[in-house]
Amino acid sequence: MAKAPICDYEGSEYQKTFWEEGGRAYEDAVEAIALRRLLPSHGNHLLEVGAGAGRNTARYTGYQQITLLDYSRTQLEQARARLGDSPCYRYVAADVYKLPFVPAVFDGATMIRTIHHLKEAESALQQVRQVLAKDSTFILEFANKRNLKAIFRYLAGKQSWNPYKLEQVEFVELNFNFHPRQIRQWLHENDFRINGQLSVSHFRVGFLKRHVPLGILKALDSALQWTGGVWQLTPSVFVKSTLAEGMPRQDFAFQCPQCGFHPLEALEADITCPQCSTTFPYEDGIYDFRLK
Ligand SMILES: C[S@@+](CC[C@H](N)C(=O)[O-])C[C@H]1O[C@@H](n2cnc3c(N)ncnc32)[C@H](O)[C@@H]1O
């Protein structure tokens with residue numbers, strides 16, 4: 001099967017240009033509130049899918065260990081520069097469509113602002129499901145195609161795609177918005193049971209962000225996030241689910257993304273698969289499981 005295309009952030013200054021200098025203090029603050037509300041108070045090993053430069057990693061305080069996974073090595077380098085080398089963090093460059101872990105090694109996962117870039121989103125969710133143990137918590141953020149602005153634009157004839165249609169919309173190459181029902185359906189089909197939905201970023205409007213103090217927008221968004229349990233009309237939605245079926249948590253080990261051989265021990269050194277002889281480099285604290 002052809003490899004799914006990847007929205008590659010290699011070499012991108014996304015953290016600096018989009019978050020730190022891009023006027024996104026409001027979005028960052030309300031996402032932090034949503035995560036605080038949805039994260040379990042404790043856990044063993046969390047997989048952060050599409051971790052980027054680690055903007056959210058320090059927010060996962062209840063977990064003893066966090067594996068940051070991103071396709072871009074330079075994003076992980078930025079994350080490592082921010083978070084440092086600690087036995088609590090493991091940095092892994094890999095493709096979410098070919099996760100390099102043995103089944104059921106994590107008891108938590110997050111995917112924030114990442115499914116947004118996935119053309120084959122359900123296939124990625126299947127991969128995440130595979131590496132989670134039974135009863136794991138999965139927090140997924142997705143860009144919502146059925147948001148209020150999209151509905152108004154569609155009704156006013158200013159937007160060609162229909163926000164009510166179930167299929168995802170690719171509004172810019174490799175940038176997708178999803179229908180909430182489609183996301184719920186995929187989660188359900190992959191044995192996730194939804195236990196919370198938050199509507200986030202109600203006031204993502206340049207004029208409001210410029211003229212209303214951040215504290216007020218934060219407080220209002222925080223008060224409104226709960227409406228996500230009833231309707232989802234915001235550009236961003238957070239869904240918390242629990243994996244209802246699966247194995248109990250296994251000891252951590254890698255799995256060869258080329259041939260599926262496992263276990264491969266995490267030795268903080270290059271790893272060569274004894275079955276297919278592919279070597280996966282370990283350099284400057286980052287495992288590299290990307291397939292050439
Ligand atoms: C918009 S950034 C979000 C980063 C971080 N989660 C945040 O919210 O700040 C999306 C990230 O997903 C990563 N990504 C995109 N496609 C991927 C794939 N197929 N496998 C792994 N990571 C991927 C990109 O490299 C990028 O770092």
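This is a predicted model: local features need pLDDT of at least 70, side-chain atom pairs count only at pLDDT 80 or more; totals for chains, interfaces and linings use all residues.
1. **Overall make-up.** The protein contains eight helices and 13 strands. Of its 292 residues, 39% are buried.

2. **Size.** The radius of gyration is 19 Å. A compact globule of 292 residues would come out near 19 Å, so the protein agrees with that expectation. The C-alpha trace spans about 60 × 35 × 35 Å along its principal axes.

3. **Contact range.** Take the contacts between residues at least 6 apart in sequence. Of these, 67% link residues at least 24 apart.

4. An unreviewed UniProt entry places "domain: Methyltransferase type" on residues 47-139. That span is 24% helix and 32% strand. Its end C-alpha atoms are 10 Å apart.

5. **Ligand shell.** There are 19 residues around the ligand. The nearest are Tyr 9, Gly 50, Gly 52, Arg 55 and Tyr 71. By class, the shell divides into eight nonpolar, seven polar and four charged residues.

6. **Helix 4.** This helix covers residues 121-131. Its buried residues are Ala 121, Ala 124, Leu 125, Val 128, Arg 129 and Val 131. What do the buried residues of helix 4 pack against? Three of the partners are strand 1 (43-49), strand 4 (106-111) and strand 5 (132-143). Helix 6 (180-189) and strand 9 (236-243) also pack against these buried residues.

Conventions
Residues are numbered from 1 along each chain as its sequence is written. Helices (H or I, at least four residues) and strands (E, at least two) are DSSP runs, numbered from the N terminus. The radius of gyration is taken over C-alpha atoms; the globule rule is 2.2 Å times the number of residues to the power 0.38. A residue is buried if 20 or more other C-beta atoms lie within 10 Å of its own, exposed if 12 or fewer, and partly exposed in between; C-beta atoms are placed from the backbone. Two residues are in contact if their C-beta atoms, placed from the backbone, lie within 7 Å. UniProt positions are given in the numbering used here, feature names are shortened, and annotations may be inferred rather than shown by experiment. A residue is near a molecule or strand if its C-beta atom, placed from the backbone, lies within 6 Å of it. Ala, Val, Leu, Ile, Met, Phe, Trp, Tyr, Cys and Pro count as nonpolar, Asp, Glu, Lys and Arg as charged, and the others, Gly among them, as polar.
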